[in-house]
Amino acid sequence: NKYVTIKTHVDGAPQDSDFELKTAALRLWAEPGSNDVIVKNLYVSIDPYQLNRMKSYSSSHRTINFAVPISPGMDIDAYGVGRVVASGHPEFEEDDLVVGLISWGEYSVVKGGNMLRKLDPMGFPLSNHVGILGFSGLTAHGGFFQVCKPKKGEKVFVSAASGSVGNLVGQYAKLFGCYVVGCAGSKQKVNLLKEKLGFDDAFNYKEETDLKSTLKRYFPDGIDIYFDNVGAEMLEAAVANMNIFGRVAVCGVISQYTDSGKRAAPDMLDIVYKRITMQGFLAADLMNGYTDFISTTQDYLNDGKIQVIEDISQGVESIPSAFVGLFRGDNVGKKIVKIADE
Ligand code: NDP
């Protein structure tokens, strides 16, 4: 079994050289009654939050409490789709397609079948179940509808808008009837947002020097909802441009993952006087909206109303560069690595 691990803890922007590809013998059978499931990995998700698990925490007071820290040499669990090759678990059989927490390698040993469920692809490509019909989709849909509580016609700003979560937030918001502006890190991404994904407008934040006045230009009547994927200066500028009773969904703060000294400092007086709600959330909190998310999204896909933007690299060897690329903006849409043919 070939798998990817970190050589040392990763603080700052990750480099390819922080990772190594290891090979280890793997048992392709499961002890009956063990509840273990051995999975051949097909598609694995590449997610920014993994970086926060790779940091050294010896001198830090903070760990992320929903996933164990990743130590050098250890398997890196990740969301993905695979096929069962052996099962000691009554709910899974050889050949079952499964989705859930597998790992960055060719095979996964899923102890106790934890965080795994059988997958019915429902006619959609398997990669869709990693992104739009998986955790990214749930994050975007639940984050927008449950956390932002939109009203039709409201003005929505989305950062990292060409990324996995961001592009879907923008598309859901447009389909719901909001006015949507996104920002992204290249001209090509800006064109994608405006020409293919139906955003009302978009801009390249890397070309802007004063984000507060940039947002004032795109939102002369103010922002009602900000879906924050990046944090720091963009969050400060968005809060400065928010309307009364505005909502900020803090989904992620990727600019701070590579620079732990970076902090957002929105003007708190704005928060008070404009009665702004800022709410952090985790996709795992949004499961009560899962049925609505999945049925709405499938309908949109079947009707061709929502676009699937996936960025797929090939082979377990490509995992390190796929991951490193997230923090340079290399990806367009959901970053996935295809490990093996179905
Ligand atoms: P993306 O597909 O959006 O990939 C990351 C993108 O972020 C890059 O393509 C890049 O696009 C942008 N980016 C990278 N570095 C910076 C930076 N320093 N400043 C601004 N933008 C940057 O990833 P995801 O959609 O998977 O994740 C987006 C955010 O949502 C992340 O913060 C992530 O942690 C969070 N998240 C939160 C979840 C939750 O449960 N709360 C679940 C899933 C994701 P560009 O070219 O535009 O710079």
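A: Helices are DSSP runs of H or I with at least four residues, strands are runs of E with at least two, and both are numbered from the N terminus. The model is a predicted one, in which local features need pLDDT of at least 70, side-chain atom pairs count only at pLDDT 80 or more, and totals for chains, interfaces and linings use all residues. Numbering starts from 1 along each chain as its sequence is written.

Helix α9 has a partner in α2, residues 135–147: the two axes come within 10 Å and cross at roughly 105 degrees (lines fitted to C-alpha atoms over the stretch in contact, with angles from 0 to 180 degrees between N-to-C directions). Helix α2 is therefore roughly perpendicular to α9 (65 to 115 degrees; under 35 is roughly parallel, over 145 roughly antiparallel, the rest oblique). On the α9 side, Y290, F293 and T297 take part, and they meet G137, L138, H141 and G142 of α2 (C-beta atoms, placed from the backbone, within 7 Å). By class, this contact of α2 with α9 comprises 3 nonpolar residues, 4 polar ones and no charged ones (Ala, Val, Leu, Ile, Met, Phe, Trp, Tyr, Cys and Pro are nonpolar, Asp, Glu, Lys and Arg charged, the others, Gly among them, polar).

The axes of α5 (residues 211–218) and α6 (residues 232–240) come within 8 Å and cross at roughly 50 degrees, so α5 is oblique to α6. Here L211, K212 and L215 of α5 meet E233, M234, A237, A238 and A240 of α6. The contact of α5 with α6 has 6 nonpolar and 2 charged residues, with no polar ones.

These pairs belong to a chain with 10 helices and 15 strands. Along the principal axes, the C-alpha atoms of the chain fill a box of roughly 65 × 50 × 35 Å. Of the 342 residues, 46% are buried. Among contacts between residues at least 6 apart in sequence, 67% join residues at least 24 apart.

Methods:
Two residues are in contact if their C-beta atoms, placed from the backbone, lie within 7 Å. A residue is buried if 20 or more other C-beta atoms lie within 10 Å of its own, exposed if 12 or fewer, and partly exposed in between; C-beta atoms are placed from the backbone.
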